[in-house]
Amino acid sequence: MIWMAALSTMTVMALIIIQVLSEGLPVLSLRFFLESPRSMGREGGILSPIIGTIALTIVAIIVATPLGVGTAIFLGEYTREGKVSRVIRFGIGCLAGVPSIIFGLFGFVFFVIYLNMGWSILSGGLALAAMILPTIICTAEEALRAIPYALREVSYSLGGTRWQTVTRTILPNAMPGIFTGIILGVCRSIEETAVVILTAGSSLIIPTSLFSPVRTMSVHFYILAREGISMEMAYGTGAALILLVLLVNIKANFLLNRYVRKKR
Amino acid sequence: MRVELKEKFIEKILLLIAFSSISILALIAFFIFGEGLPLIWKIGPKSFLLGQRWVPSQGSFGILPMIVGSFWVTFGALLLGIPLGLACSVFLSEWTPPWAGMILRSGIQVLAGIPSVIYGFWGLIVLVPLVRNFLGGPGLSILSGSLILSIMILPTIISISEDSIKALPPSYKAGALALGATHWETIWRVLIPAARSGIVASIILGMGRALGETMAMIMILGNAVKMPSSFLDSARTLTTNIGIEMGYAIGDHRQALFATGVVLFLIIMLLNSLALVLSRRRTA
């Protein structure tokens with residue numbers, strides 16, 4: 001019975017991936033990656049959605065990493081468990097559960113309209129940054145917690161200040177863990193559709209500045225599939241998307257494993 | 001002296017960073033409520049929440065069908081997701097030979113990594129025709145949506161309940177086995193009840209994910225605004241209502257979508273706090 005449950009879970013996963021890959025892989029070619037979509041995506045490739053995905057992800061990571069790691073350092077190294085840390089943890093827990101469409105609405109009214117950034121890479125990246133922040137904080141906190149206390153004691157006993165201990169001893173050791181969190185954030189930004197469609201627009205033109213609107217691969221896939229523009233192109237984009245996410249996931253796993261082994 | 005000053009300065013900056021992370025939540029609440037609440041007051045909370053007519057062009061905004069739709073879909077997803085998720089987490093924490101555990105665990109990680117639009121697409125291409133051919137109805141239905149959602153919430157349910165089963169002191173299991181209980185009795189009568197609060201927290205978080213899913217549901221549910229009467233009916237949820245109409249809404253209509261967001265936000269916050277309290281009790 002229990003084996004059945006595990007087996008059926010695996011089967012469904014395999015079915016989904018095989019379905020998309022078997023129809024999508026034949027569409028993939030070098031030209032598919034190097035050409036921008038033509039006539040709404042009926043022809044051509046997915047160059048501009050790829051650029052859009054990369055641009056949004058970079059903005060999100062650049063903004064969320066210092067905020068997230070800073071918060072984790074504050075929680076892990078600078079406070080004792082108390083009211084302040086409890087409030088912060090509760091807030092982060094709540095933020096982690098906020099549905100993506102809410103981040104989309106927020107990004108739309110705050111970045112796009114209130115701060116007047118328009119549908120752009122900047123608005124989309126900032127909204128994504130807010131969404132991935134809890135992931136980065138939690139993983140970084142875990143990484144800090146995994147560092148043996150002796151390391152801190154040694155640093156303090158040598159006369160190191162708190163900040164020196166953090167920057168010279170703790171952070172270098174926690175790097176792989178923090179990096180895993182960042183990669184998880186990258187994954188979430190690549191997957192996300194609802195936030196991006198409301199904050200970054202869905203332009204197919206290759207962006208020229210932070211204020212250009214873009215379309216990501218997920219959004220491109222969604223629009224192709226939902227509006228029935230071209231099933232062939234949709235499958236191709238879907239396959240590229242799955243491959244990208246798998247690749248990033250495997251990389252994260254690899255890092256995490258190496259990190260865990262090193263600690264033991 | 002200068003070093004001390006620098007240390008103090010850095011501490012203040014970190015505090016500032018930590019609080020700005022939190023303030024995002026406050027900012028989200030402020031702006032969503034700021035856009036949504038005026039409309040709720042204008043047409044009255046009662047007729048907004050309990051109204052059954054959603055015709056933006058005529059200015060009638062009742063979201064009861066969406067609330068009901070959201071709960072039907074979520075309920076359906078939990079009906080399948082809870083037993084499957086629990087079984088998988090028991091399998092992972094208690095039963096599994098190491099190789100099978102490794103495969104299942106990485107499989108679940110991949111499941112968590114598949115973009116929701118791809119789930120939606122697969123549901124549309126594979127599940128919807130199946131439901132239409134074998135059970136009738138439009139196929140774009142609560143049943144198809146629930147099936148897809150139950151798969152999407154599995155990673156949440158499995159990872160958190162597995163953690164809470166693994167966190168139990170080994171003496172529980174040893175004690176039960178020493179008293180002559182079989183492995184299955186130990187799991188069913190001792191381990192699962194003992195890990196109850198963690199399991200419930202995982203279910204609540206899974207429920208939050210199900211309520212919050214947008215893109216996959218837009219593609220599968222059919223999006224009709226009416227009170228669903230069976231699992232084969234098409235439906236619209238709170239999230240899909242926002243996702244579909246946000247693209248072209250202006251004026252009152254847009255405010256009504258933000259008001260839908262307010263309702264969704266409040267429901268999710270309630271569930272989240274519940275889950276956080278429960279999982280804190282577990283660690284305490």
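How many helices and strands does the secondary structure of chain B come to? I looked this up and found twelve helices and two strands, taking helices (H or I, at least four residues) and strands (E, at least two) as DSSP runs numbered from the N terminus. Along the sequence, I read the pattern of chain B as α-α-β-β-α-α-α-α-α-α-α-α-α-α.

I note that this is a predicted model, in which local features need pLDDT of at least 70 and side-chain atom pairs count only at pLDDT 80 or more, while totals for chains, interfaces and linings use all residues. Residues are numbered from 1 along each chain as its sequence is written, and chains are lettered from A and ligands numbered from 1 in the order in which they are written.

I next looked up burial in chain B: buried residues (20 or more other C-beta atoms, placed from the backbone, within 10 Å of their own) make up 49% of its 284 residues.

I then turned to helix H6 of chain A, residues 121–145. At 1.5 Å times one less than its number of residues, its 25 residues should span 36 Å, which agrees with the 35 Å between its end C-alpha atoms. H6(A) bends by about 40 degrees at Ile132(A), the angle being taken between axes fitted to the seven residues ending there and the seven starting there. Pro134(A) follows within four residues. I found 22 of the 25 residues of H6(A) buried, so the helix is largely enclosed by the rest of the structure.

Last, I looked up the interface: 56 residues of chain A are in contact (C-beta atoms, placed from the backbone, within 7 Å) with 58 residues of chain B. Helix H1 (residues 2–24) of chain A gives the most to this side of chain A, with ten residues.

How values were computed: A residue is buried if 20 or more other C-beta atoms lie within 10 Å of its own, exposed if 12 or fewer, and partly exposed in between; C-beta atoms are placed from the backbone. Two residues are in contact if their C-beta atoms, placed from the backbone, lie within 7 Å.
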